[in-house]
There are 2 protein chains.
Amino acid sequence: MSSVIAVPESPYLRAPRRALASPLVVHIGVIGPGKVGTALLAQLKDAAPRLLRDAGLSLHLRAVTDSRHMWLDCDDEALNGRAHGAQTWRPADLDAFAAYVRGEGNAVALLADCSASDIVADHYPVWLGAGMHVVTPNKRAGSGDIARWHAIHEAAAAGSAHFGYEGTVGAGLPVIQTLRDLLDTGDELVAVEGMLSGTLAWLFNRYDGSMPFSALVREAHDLGYTEPDPREDLSGVDVARKLVILAREAGLKLALKDVRISSLVPAHLAEVSRDEFMERIGELDGAMIVRHASAAAAGGVLRHVARLDRTGASVVLERVPRDHTFANARLTDNVLRFSTRRYCDNALVVQGPGAGPEVTAAAVFTDLLRVAGAMGVKRCAC
Amino acid sequence: MSSVIAVPESPYLRAPRRALASPLVVHIGVIGPGKVGTALLAQLKDAAPRLLRDAGLSLHLRAVTDSRHMWLDCDDEALNGRAHGAQTWRPADLDAFAAYVRGEGNAVALLADCSASDIVADHYPVWLGAGMHVVTPNKRAGSGDIARWHAIHEAAAAGSAHFGYEGTVGAGLPVIQTLRDLLDTGDELVAVEGMLSGTLAWLFNRYDGSMPFSALVREAHDLGYTEPDPREDLSGVDVARKLVILAREAGLKLALKDVRISSLVPAHLAEVSRDEFMERIGELDGAMIVRHASAAAAGGVLRHVARLDRTGASVVLERVPRDHTFANARLTDNVLRFSTRRYCDNALVVQGPGAGPEVTAAAVFTDLLRVAGAMGVKRCAC
């Protein structure tokens, strides 16, 4: 038995295909070599020889840029690049970067935006219009200005270039494509419910009233699970961005301001400095223990839930029954429940780690492979 | 708020695209107009006008065939076709059918095999080699003779045609593509665990020892949840087929005989007539109540679990803890847990109804849209 399922030499494309007459050459530019960008560079480097041999896909890393430096004709030096704090992306440099990635000749050009920058997102329409593919986990385009969102999608629809953003919700979990497939085959969305923040999931999976909520936030902060300023997680805005992306995917012209967000940060602590917030974070505890006790008394637990349905979009901390899917997720799991006309009695559920550099980078890589698929590259199990 | 998320006229592709100069014409032939095939025909008919308008994809239903009749130049009559019991597919007729679907000219030709026939699967290599796409929920090709499986994938890899089989495991749940994306981006599969039978999930979600197991099987049989002969479900062979498909997708040269299957049908009832089995089905009850009591005494519940890992492939009824994902699935939910190098602490989980004509047909339709995507048709949210 063991020989039958022994893992073969190449873990994913076993039988070497016939050599392809002309491989598809893809010029790649990576924007934002932070944690996700660095993970993507490592994955591309690892996979490139196999993709060339087995699928006739030739990946060329042409350039890497952060908000201060460009590395052209990349080698391993680029892998050591790091984003430098504040993102002061210069438009002129980004255009020069894109032009360099494209190069001369007929290669397919793909820009992987691993930044979290609005300024980079501003460039997507022009790049797509010029035939360059854009793949990204950057939530700004999908959740920001609706006119820009339209311009991006119109540019992608009108030309030959693709815009991929699977990594914006749930990282490597199959979310955007799953929703797209449901809708394009004629299903109708009734509701999306989810736990879309790994950080908030971890906090409320742990919080049982036996310790102050603030102590858990401090622990999460020390473990690097939260943003440097935990209010970015606690405010619910990041989750609301993901909900806006899902809503727009379903054809709803939603903006961030349309989402009802109940922030976990009291108003009087919203504007103080980060240091002052961390000092006064204990002020969250009183309200939280009351909410926890109330939920427990009703036989439930607190969970941070994002919801989109016919009544609107909301991001709230709420009580769910103990046997609910959301109550039984673990660690930093994201959960997405798609209720549709076809999936009405039971929802279609996707669950798993929804954050982290490796799985987020894999989502960007998946988008890249989808672009290659649209250019004729085949992937299969043989 | 409500106006913002009012459902727009077209539920999936809102902003009409510019008219495409030349739509992609796809000639479609549907093989096996049973429940799934009929649902597919209805979905195609419903979606065709929108896909033409919004994506420049022109779907032409050319022909439908069951094992006895062909309907050419289809109209609504074809929608009333039904599979006729025993499948006596005639090879000569199938080749004539495929040739008719293809027609003259340069249209893309796609055959949707909604049968469960080995004879139809025998034709895939020739059809693919001739440039005709094949999409199917038929498990025979993926779980049958390994030489045929190789021939199918080699034919798809060598030519221009695609072979799609998303519907073979979990029906419309995103399973095959999810595994493919994990592997192609360089992740490594550690294990797949799942509940892959909606029928067996329903039985063990309901079974609590308070009524005879056989009474539940009879109820499921009366509700149409089981095959006409419930032994086809209880034997575990159908689940084992799905496990073989997943294993081969992961590059493992597994065959059905390599799966350790513990059938729920006692050996002395395996060969008797269906009527005799239904009369004597109470003979299952004694062993089952003992197993249930043993699981309950250990604080667990019985679940029918398929598993593939480094030690082999198995399909068994086993005890799982009450807080396990498998213990908390509902109704006929399928659950798939992918444990990989990247998804190691928590698995990537896909869960939801994994059977039924509509969701199975939607998987076939999704494969069709992927073929169209590889031919340059774009789908997007705008």
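**View 1. B:V64 across from B:W71 at the β2/β3 pairing of chain B.** In this predicted model, B:V64 sits opposite B:W71 of β3(B). Strand β2 (residues 57–65) of chain B pairs with β3(B) in the antiparallel sense, over 3 bridges. Pairing here takes at least two DSSP bridges between two strands; strands (E, at least two residues) and helices (H or I, at least four) are DSSP runs numbered from the N terminus. In general, strands of a sheet pair through backbone hydrogen bonds, either parallel or antiparallel.

**View 2. The open sheet of chain B, with α1(B) laid across it.** The sheet has 6 strands in the order β3-β2-β1-β4-β5-β6 and mixed pairing. At the edges are β3 (70–72) and β6 (163–164) of chain B, each pairing on one side only. Helix α1(B) lies across β1 (24–31), β2 and β4 (108–113) of chain B, and runs at about 160° to β2(B). Axes are lines fitted to C-alpha atoms (for helices, over the stretch in contact), with angles from 0 to 180 degrees between N-to-C directions.

**View 3. α1(B) against α16(B).** Helix α1 (residues 35–55) and helix α16 (residues 357–374) of chain B pack at an angle of about 50°, axes 8 Å apart. That angle is why α1(B) counts as oblique to α16(B); the scheme calls angles under 35 degrees roughly parallel, over 145 roughly antiparallel, 65 to 115 roughly perpendicular and the rest oblique. The crossing is right-handed, i.e. the near helix is turned clockwise from the far one by less than a right angle. Among the residues that meet are B:L40, B:L44 and B:L51 in α1(B), and B:V364, B:F365 and B:L368 in α16(B), with contact meaning heavy atoms within 4.5 Å. By class, this contact has 13 nonpolar, 2 polar and 2 charged residues (nonpolar: Ala, Val, Leu, Ile, Met, Phe, Trp, Tyr, Cys and Pro; charged: Asp, Glu, Lys and Arg; polar: the others, Gly among them).

**View 4. α9(A) against α10(A).** Over in chain A, helix α9 (residues 198–206) packs on helix α10 (residues 213–222) at about 135°, with axes 10 Å apart. So α9(A) is oblique to α10(A), and passes α10(A) in a right-handed crossing. A:W202, A:L203, A:F204 and A:R206 of α9(A) make the contact with A:F213, A:L216, A:V217, A:E219 and A:A220 of α10(A). The class tally is 7 nonpolar, no polar and 2 charged residues.

**Notes.** Residues are numbered from 1 along each chain as its sequence is written, and chains are lettered from A and ligands numbered from 1 in the order written. Local features need pLDDT of at least 70, side-chain atom pairs count only at pLDDT 80 or more, totals for chains, interfaces and linings use all residues, and side-chain values use heavy atoms, leaving out hydrogens and water.
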